[in-house]
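Trainee: I would like to check the terms used for this model against their cut-offs. Let us take them one at a time.

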Amino acid sequence: MFRPVVSASFFKKSCDMSKHIKIDIDALRKIGWDHWDPIGIRQFDDPAWRNNAADEYDAYLLQAANMILQGATCETVAAYLDEIMSDSMALGPPSEAVHRASLLTAEAISAYLQIDRASF
């Protein structure tokens with residue numbers, strides 16, 4: 001099965017080309033869909049529609065991963081995800097439950113990156 005891999009350093013303003021961290025976008029998507037689905041895409045039963053929307057959160061999740069790789073705390077990343085939901089998606093201020101989902105997402109991305117770094 002083809003698994004697209006993207007470089008988290010894509011989002012860095014200055015990259016050390018010798019130190020690219022490769023991130024499996026499918027792994028990030030699973031984290032996002034399991035923990036952080038602010039517009040409720042996973043609720044739709046139509047698999048074709050869900051497949052078309054699979055990349056809806058990619059840029060946000062990649063930025064979150066990049067932030068963690070650059071040393072941001074999970075709380076800082078959660079605040080970034082809250083801001084995306086509140087401002088970019090215009091969903092209003094995050095509730096405590098929404099913030100917990102953002103924090104769980106940041107923690108899951110951090111755990112994925114810790115485990116995955118050993119293979120590079």
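**Terms and cut-offs**

Trainee: Which residues of helix 3 are called buried, and what does buried mean?

Mentor: In this predicted model, the buried residues of helix 3 are D58, L61, L62, A64, A65, N66, M67 and I68. Buried means under 20% relative accessible area, so each of these eight names stands for a value under 20%. Over the protein chain, buried residues make up 34% of the 120 residues.

Trainee: Why is E75 called partly exposed?

Mentor: E75 has a relative accessible area of 40%. Buried would need a value under 20% and exposed one over 50%, so at 40% E75 falls in between and is partly exposed. E75 belongs to helix 4, residues 74–88.

Trainee: What is E75 in contact with, leaving aside its neighbours within four places in sequence?

Mentor: H99 and L103. A contact needs heavy atoms within 4.5 Å, so E75 has heavy atoms within that distance of both residues. For S102, 27 residues from E75 along the chain, the value given is a C-alpha separation of 8.7 Å. With the same exclusion of sequence neighbours, L28 is in contact with I23, L61, L62, A65 and I109.

Trainee: How do you know that the span of helix 3 is close to the expected one?

Mentor: Helix 3 covers residues 58–69, twelve in number, and reaches 16 Å from its first C-alpha to its last. The expected span is 1.5 Å times one less than the number of residues, which comes to 16 Å for helix 3, so the two values are close. After helix 3 comes G71, with a positive phi near 100°.

Trainee: What makes up the largest nonpolar core, and which helix supplies the largest share?

Mentor: The core has 26 residues, and those with the most contacts inside it are L28, W36, Y57, V77, I109 and L113. Helix 1, helix 3, helix 4 and helix 5 each supply at least two of its residues. Helix 3 gives the largest share, six residues. Members of such a core must be buried, so L28 and W36 are under 20% relative accessible area.

Trainee: How many residues line the largest pocket, and which lie nearest its centre?

Mentor: The lining has 15 residues, with D37, P38, M85, V98 and A101 nearest the centre. By class, eight are nonpolar, five polar and two charged. Asp counts as charged, so D37 is one of the two charged residues. The space in this pocket is about 200 Å³.

Note on methods:
Residues are numbered from 1 along each chain as its sequence is written. This is a predicted model: local features need pLDDT of at least 70, side-chain atom pairs count only at pLDDT 80 or more; totals for chains, interfaces and linings use all residues. Side-chain values use heavy atoms; hydrogens and water are left out. Helices (H or I, at least four residues) and strands (E, at least two) are DSSP runs, numbered from the N terminus. Buried means under 20% relative accessible area, exposed over 50%, partly exposed in between (1.4 Å probe, protein chains only). On a 1 Å grid over the protein atoms alone, a cavity is a set of points where a 1.4 Å probe fits but cannot get out, and a pocket is an open set with protein on both sides within 12 Å along at least five of seven lines; lining residues have an atom within 4 Å of a point. Grid points are joined across faces, edges and corners, and a volume is the space filled by probe spheres set on the points. A nonpolar core is a set of buried Ala, Val, Leu, Ile, Met, Phe, Trp, Tyr and Cys residues joined through side-chain atoms within 4.5 Å.
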